[in-house]
Amino acid sequence: MAVPGTFLTPILLLVCGLSPCLAAAHSPPGVECVLFNEEYMTCTWGSRETLTANYSLYYWYENRSPVVECKHYLQDQGISVGCHFNQSEIIQFQSFRVLVNASLGGRTLEIPSERMELQDLVKPEAPVNLTIRNTSSNQLELTWNSPYPKAHCLEHAVKYKSNKDTSWTEHRVKGDIFSFPSVDYEKYYTFYVRSKINSYCGNTQLWSEWSVPVVWGSNSTSKDAAEEQLHWFWIHTVLIPVASCLLLLVLVVLLVRMERVWVILMPRIPNPSKNFDELFITHNGNFQEWAGVPKDVMESFKPNYSENICYVSELPPKDMYEPLWENSNY
């Protein structure tokens with residue numbers, strides 16, 4: 001492939017003459033390259049929804065190397081939408097150019113990009129290890145670390161908001177320390193930090209992502225934290241076990257009382273048959289032997305028929321007899 005600039009104009013005229021709509025219908029919106037933390041770089045030119053042709057990317061450094069095709073394409077459902085560059089393929093402070101070929105129906109359109117300076121395309125990684133400490137009674141100090149290898153090339157932005165604020169407050173910071181001069185112990189604060197390359201090392205507007213937040217206030221490291229921890233200690237170690245024991249005791253008492261109520265409502269019917277097995281089987285129904293009553297006692301309960309017989313008769317009617325004193329014969 002010829003170096004762009006020598007044959008580019010004739011190729012564009014030829015392609016546009018053969019297929020006037022190819023450039024208008026399938027040209028990507030432009031190649032955007034980002035160098036992530038100086039570790040790798042990606043150049044993208046669209047998405048599956050906007051691209052219908054087959055694309056290939058070629059790149060070179062001015063006055064440095066020949067034209068080379070991308071070795072690691074980024075695919076979206078079988079369509080090339082970008083290119084991934086390893087760290088060994090990246091050369092900063094050298095003018096970088098790319099050329100994208102769009103192929104459709106056997107015809108090819110070459111779409112060049114503008115010259116790029118890679119040091120202006122660096123996007124640092126988000127800061128890590130955010131730490132807050134008290135420097136005085138009402139002043140805080142926020143510190144962090146940056147994974148970017150050239151910490152002196154960074155500037156930072158800190159944003160924070162309390163639980164009573166409605167909007168975020170943001171400050172630019174040159175170093176990696178931010179002092180918060182006035183703190184309210186009744187509030188709860190949240191802090192974020194992000195970074196970008198400063199004007200001494202590049203000309204970029206690419207900020208890193210915001211860091212993982214760090215919090216400070218009445219629910220974290222304030223002067224009331226110890227009291228709150230003690231409060232939760234008593235809840236977890238004293239109140240909850242005692243309440244559990246009391247609940248268990250109440251359940252046991254209720255269970256016993258319910259058993260008594262059930263016995264009262266549905267009393268059991270006694271079955272005395274087993275208690276008299278010995279009376280009928282061993283003693284053949286002899287209650288005296290079964291009960292162990294002495295014979296003389298039993299004899300005292302027998303009836304005594306040795307008494308004299310007393311005869312009783314009716315008197316005759318009055319007209320059948322006369323008084324004895326009137327009849328001397330009698």
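So, a disulfide is a pair of cysteine sulfur atoms within 2.5 Å. In general, that's a covalent bond between the sulfur atoms of two cysteines. Keep that in mind, and also that what we have here is a predicted model.

Okay, how many disulfides does the structure hold? Three. Counting bonded cysteines along the chain, the pattern goes 1-2, 3-4, 5-6.

Let's start with Cys-33 and Cys-43, where the S to S distance is 2.0 Å. Cys-33 sits in strand β1 and Cys-43 in strand β2, so this pair ties together parts 10 residues apart in sequence. The link is right-handed, with 115 degrees about the S-S bond, and both cysteines are buried.

Next up, Cys-70 and Cys-83, with sulfurs 1.9 Å apart. Cys-70 is in the loop between β4 and β5, while Cys-83 is in strand β6, 13 residues apart. The torsion here is about 100 degrees, so this disulfide is right-handed. Cys-70 is buried at 7% relative accessible area, and Cys-83 is buried at 1%.

Now Cys-153 and Cys-201, whose sulfurs are 2.0 Å apart. Is this one left-handed or right-handed? Left-handed, because the torsion about the S-S bond is about -70 degrees. The pair links distant parts of the chain, 48 residues apart, with Cys-201 in the loop between β16 and β17. Cys-153 is buried at 3%, but Cys-201 is partly exposed at 22%, since buried means under 20%.

One last stop: Pro-213 is also in the loop between β16 and β17. Pro-213 is partly exposed, at 39%, and touches Thr-190, Phe-191 and Tyr-192, leaving aside residues up to four places away in sequence.

Conventions:
Residues numbered from 1 in each chain as written. Predicted model: local features only at pLDDT ≥ 70, side-chain atom pairs only at ≥ 80, totals over all residues. Heavy atoms only, no water. Helix = DSSP H or I, 4+ residues; strand = E, 2+ residues; numbered from the N terminus. Buried < 20%, exposed > 50% of the residue type's maximum accessible area, 1.4 Å probe, protein only. Contact = heavy atoms within 4.5 Å.
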